[in-house]
Amino acid sequence: LYEPILGPSIQHPKSNQPIGFARNHHIGVVEDHVLNAFSFEKQWYQRRVRGKILFLCGVIVHPNFVVLHNHTNRSSQRNNTLVRMERSFVCPIQEKKMAYYEWRSTKQPAKEGSKPQVVVCVHGLSQNGHVFEFLAHGLVEDAEKRGTECHVYAVDLVGRGNSEWLDDRSLYNPGTYALHMIPFIEEIAKQHGLSSVNYVGTSLGGIIGMLICFMNKGHLFEKLILNDIGGFVPSKSLQRIGEYVGLDPRFKTFEEAEQYMKTIYSQCRDIPQEQFAHFTKYATKQIHKGADVEWALIYDPKISSGFKGVPPDIELWPQYESINVPTLLIHGTDSDILLQSTVEEMKGRGPGAKGLLQVYDVVGTGHPPYLSVPAQIHEVVKFFTV
């Protein structure tokens, strides 16, 4: 039925069911689009489409959105209707591909015509988008219960995860990341017929969120979550991070890599031990050397370029004070990045002085709370839905 408009259908070679279409309409000079179609348990089909727009599973993909692994992965361990899509976005600055993930439900929302909830999540310095998997499950499952539609997006900032690395190490800085995120958020909002999205920024991701507001783009946010980051970051904590970020350790076994993750994130006492295997899986990659296999961290060591020597204190008060939307500040009470004195000052400045700030203390954990346990997920869901 759709082939005259959309081009020949792409069929799954195992089930022979149509899984997408490649449009025939030429739209001018566009990046090459490489479709690794639906890698369920192994890669079934590959196809190169030049100068075309892609139509996959009912979603028209913008020319800047280059499909890397657009597999409808049954992401949730509990919910068979939750899927995770993997794609990438060509950043207009340096034209590097930034991988991102979308979690959504396959259920038709019960409340027809209601505005979808869209959440964009940005990780910390050495993390990647998979740290938000548990939070994404919670947000989508809550929307299902309410009969509404929810889409959760999380990116791998350039130099991390499945994203490309930058050629110039000096460009690994929050300003570059903000310039990448602004067009990404604009396009995501446009796809859903919105002018703004909800935003979750953990540590560096929170700094990026504040910078976006400072660049007069705060209207892109409906609500904002700053996860364990604020208007002041002490030098001592940056020195601690500089001791491990940018190293390129190798591990003989996955268990060694997992133990390393537990060591460098020892402040994160809120992470259940069984979740460390999940975080380690997506924070590492296998490297084959002949018959031997070793594990390495999945980031560009050069992301640490700003941590050489003794970094100074970071003052972010002008950026924080530019926030004009409802804001939730999540604070690990043992954090050395977001001090209690900083939290108190934030209550009287910026969104705090405007009556737009809520504070949620995660007692007994340090930097950063991982937003992966029910109590923390509940606070995020409540903030975005009330």
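This is a predicted model: local features need pLDDT of at least 70, side-chain atom pairs count only at pLDDT 80 or more; totals for chains, interfaces and linings use all residues.

User: Which residues meet where α6 packs on α7?

Analyst: From α6 the contact takes F254, A257, E258, M261 and K262; from α7 it takes F276, A277, T280, K281 and A283. Sorted by class, this contact has six nonpolar residues, one polar and three charged.

User: At what angle do the axes of α3 and α4 cross?

Analyst: The axes of α3 (residues 174-191) and α4 (residues 204-217) cross at roughly 70 degrees and come within 9 Å. That value lies in the 65 to 115 range, so α3 and α4 are roughly perpendicular to each other. On the α3 side the contact includes Y177, L179, M181, I182 and I185, and on the α4 side it includes L204, I207, I208, L211 and M215. The residues of this contact divide into 13 nonpolar, one polar and two charged.

User: How many residues of α7 are buried, and what covers them?

Analyst: Burial here means under 20% relative accessible area. Seven of the nine residues of α7 (residues 275-283) are buried, and the helix is mostly covered. The buried residues are Q275, F276, H278, F279, T280, Y282 and A283. Their cover includes β8, α2, α6, β16 and β17.

User: α2 is part of that cover. How many of its own residues are buried?

Analyst: Twelve of its 14 residues are buried, so α2 is largely enclosed by the rest of the structure. Among the buried residues are F134, L135, L139 and V140, as well as E133, E141, D142 and E144.

User: What span should α2 have, and how far apart are its end C-alpha atoms?

Analyst: At 1.5 Å a residue, the 14 residues of α2 (residues 133-146) should span 20 Å, and the end C-alpha atoms are 20 Å apart, which agrees. After α2 comes G147, with a positive phi near 75 degrees.

User: Now the strands. What is the order in the open sheet of three strands?

Analyst: Strands of a sheet pair through backbone hydrogen bonds, either parallel or antiparallel. In this sheet the order is β15-β17-β16, and the pairing is antiparallel. β15 and β16 are the edge strands, each pairing on one side only.

User: How many bridges join β16 to β17?

Analyst: Six bridges join β16 (residues 284-289) to β17 (residues 292-297). I287 has E294 as its bridge partner in β17, and Q286 has W295. The hairpin of β16 and β17 has two residues between the strands, and G290 takes a positive phi near 65 degrees there.

User: Where do α6 and α7 lie on this sheet?

Analyst: α6 lies across β15, β16 and β17, and runs at about 15 degrees to β17. α7 packs on the sheet and touches β16 and β17, its direction making about 55 degrees with that of β16.

Methods: Residues are numbered from 1 along each chain as its sequence is written. Side-chain values use heavy atoms; hydrogens and water are left out. Helices (H or I, at least four residues) and strands (E, at least two) are DSSP runs, numbered from the N terminus. The expected span of a helix is 1.5 Å times one less than its number of residues. Buried means under 20% relative accessible area, exposed over 50%, partly exposed in between (1.4 Å probe, protein chains only). Axes are lines fitted to C-alpha atoms, for helices over the stretch in contact, and angles run from 0 to 180 degrees between N-to-C directions. Angles under 35 degrees count as roughly parallel, over 145 as roughly antiparallel, 65 to 115 as roughly perpendicular and the rest as oblique. Contact means heavy atoms within 4.5 Å. Ala, Val, Leu, Ile, Met, Phe, Trp, Tyr, Cys and Pro count as nonpolar, Asp, Glu, Lys and Arg as charged, and the others, Gly among them, as polar. Two strands pair if DSSP finds at least two bridges between them.
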